[in-house]
Every structure is written in structure tokens, then in C-alpha cells.
Amino acid sequence: MKKYLPTNRRVRQVLNAALAAMVLLVLGTSWLWQKGYTIDQAALKLQSFFVSILVPPQMVQIAAGSFQMGDVEKLGESWRNPVHPVTIKPFKLGKYEVTFDEYDRFAIATGRHLPEDQGWGRGSHPVMNVSWEDAKAYAAWLSAQTGTRYRLPTESEWEYAARSGDKEEQWAGTSEESQVGAYAIFTDNSGSRTAEIGTKLQNSFGLHDLSGNVWEWVEDCAHSAYDGAPEDGTAWLEAHGGHCGARVLRGGSWYLTPGFLRTSIRIWLYASHRGLNVGFRLAQDMQP
């Protein structure tokens, strides 16, 4: 049987193509590095020229239900009160916080600012240094890319999910302070930085890091207390004195003690604020 060996011409063609690809990779990476990208970001940028596959985030279906929102622990602060009943329609919530891997693809594709990681690592770490406006833009972009609408959760949806529904858990996954370390990244175990998503136990709904790691933006405008808050799970916007230049964050972060990681904790910051302890996760409406 005659054996066919590649000709010298064919070998040269293969070697020239490989050499050209290598030169393109080196020059492209060097150019992007000079533009301020890290090596990992430059590789992602080059990949985006050739690969259009976008992996959607993992979403968890949250069943409809009712719960008591606010200061069920009777801690006394006015901004947790009054406690009020809320009925939640079924929806989906991100299993994890949005990561640098996910957000960097968006930022590179749209020419936006690449958020700083403080040298703690990108990849599967939760994205941080992102504003509410950034989070909204990411949700809109992902919706356009996938043909499926993504959004920020409402404040009541977030608390319902964090409390595991009507279990009224004081931290996401537990009501025992001694167990917080099993479920949350916080001052005692964080090493003064974020951790990769999903390294702690999930709560009863199968969600990770709702307490700790990074604060999470939600849709709602700032209100100093719950007087007049909606009881149907919708976002609370301008009604009853809402200040929509500031938006609510939930869940606490890596540098806080357990008291500031409770499922009832809430703060608000300007919608343009970016911080090394601020990120977000996504939600979706259930299809009828």
C-alpha cells in the first residue's frame, strides 16, 4: 500500500499559518496590554474576535410565596420597619453573584471601563467596583445577546430568596450566628478580600453568597423606612418619597461582621457609586 506523506509545500503552509497565528497573538496581546488590559483580559478580548459563544448565568427558580419582610428579629432600627407581609410571584434568581469573567466580556465588547480587582483575582471572583448603572447596563446587554430578559431583583424578591422564603432565616442559610462562617464570606474568614463564588454552602433555595462576599444592588430606590412599601414583590420606586438617585444594596460584604450580614440589612448609595465591596446578581421573570 502506497503511503502518502505531506509534501514540503504543505508543511511550509502549516508552519507559516502557525507562525502567523503566534505573531498575531503576541502582537495583539502586546497592543491590548499597552491599552491597559491585563494578560487575562487581553486573551479574552482576542477570543471575543473569534468566538461568539456566550454562556448564560445559572438561574434558580424561586417558587411563589409570602413572608414577613423587615425587622422580624426585633432589632429596632427604623429602617428595618415596619415589618410587613409581602407576596412574591415566581421568578428566577442568579445562583451566584455576577463574576469578573462574565462582566469583563460585556465591558470589552462594549468598550466600557474594566473594573478594578484590587489584585485579588478576576475569573470566578464576584465583580466589584461596579455601579447600579453598570449593573443595569450589563443586564440590558445580556438580554440583547441572549434574547432572554435579565434584570436586577427587587428588594423584596432579594430578601425572600435570602430568608429561604417563609423560613425567615436571619442569615442566608441559617439563623444561628455560630454557623454564619459556613454560608458567608465575611471579616472572620475573608482574609480582607472577596472569595470565588460558590465556595460556601448554599441556602435552602440553592443560592450562594447572599450574605457576605459583596453587597448586591437591587432595583429599588432609597427609602428611609418601609412605610408605604409595596406588598406584591414589585420594586419600590418614587412612591412615598423614594429617592431614585440612590439605590438599595443588600447582603453585606467580605469586610463586615455577622450583625451587618443579616437578611434584613439594607443600605443605599448613589446609583453611580462604585466600591471594592459592591457587586450584583441577576433576576428573571418567569415565562407565563
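Modeller: Partly exposed, for a residue, means a relative accessible area between the buried limit, under 20%, and the exposed limit, over 50%. Keep that handy. This is a predicted model.

Colleague: Fine. How many disulfides does a search of the whole structure find?

Modeller: One. Cys-221 is joined to Cys-244, with 2.0 Å from S to S.

Colleague: Where do Cys-221 and Cys-244 sit in the chain?

Modeller: Cys-221 is in strand β5, residues 215-222, and Cys-244 is in strand β6, residues 243-250. They are 23 residues apart, so the pair counts as linking distant parts of the chain.

Colleague: Which hand does the link of Cys-221 and Cys-244 have?

Modeller: Right-handed, with 95° about the S-S bond.

Colleague: Is Cys-221 buried or exposed?

Modeller: Buried, because its relative accessibility is 1% and the cut-off is under 20%.

Colleague: And what does Cys-244 count as?

Modeller: Partly exposed, because Cys-244 has 22% relative accessibility. That is where the opening definition comes in: buried needs under 20%.

Colleague: New topic. How many cavities of 30 Å³ or more turn up in the whole structure?

Modeller: One. The space in the largest cavity is about 60 Å³.

Colleague: Which residues line the largest cavity?

Modeller: Met-69 and His-84, then Glu-155 and Ser-156. Further along come Asp-220, Tyr-226, Ala-229, Pro-230, Thr-234 and Trp-236.

Colleague: How many of the lining residues are nonpolar, polar and charged?

Modeller: Five nonpolar, three polar and two charged. Glu-155 and Asp-220 are in that lining, and Glu and Asp count as charged.

Methods
Residues numbered from 1 in each chain as written. Predicted model: local features only at pLDDT ≥ 70, side-chain atom pairs only at ≥ 80, totals over all residues. Heavy atoms only, no water. 1 Å grid on protein atoms, 1.4 Å probe; cavity = no way out; pocket = protein on both sides within 12 Å on 5 of 7 lines; lining within 4 Å. Points joined across faces, edges and corners; volume = space filled by probe spheres on them. Disulfide = S-S within 2.5 Å. Helix = DSSP H or I, 4+ residues; strand = E, 2+ residues; numbered from the N terminus. Buried < 20%, exposed > 50% of the residue type's maximum accessible area, 1.4 Å probe, protein only.
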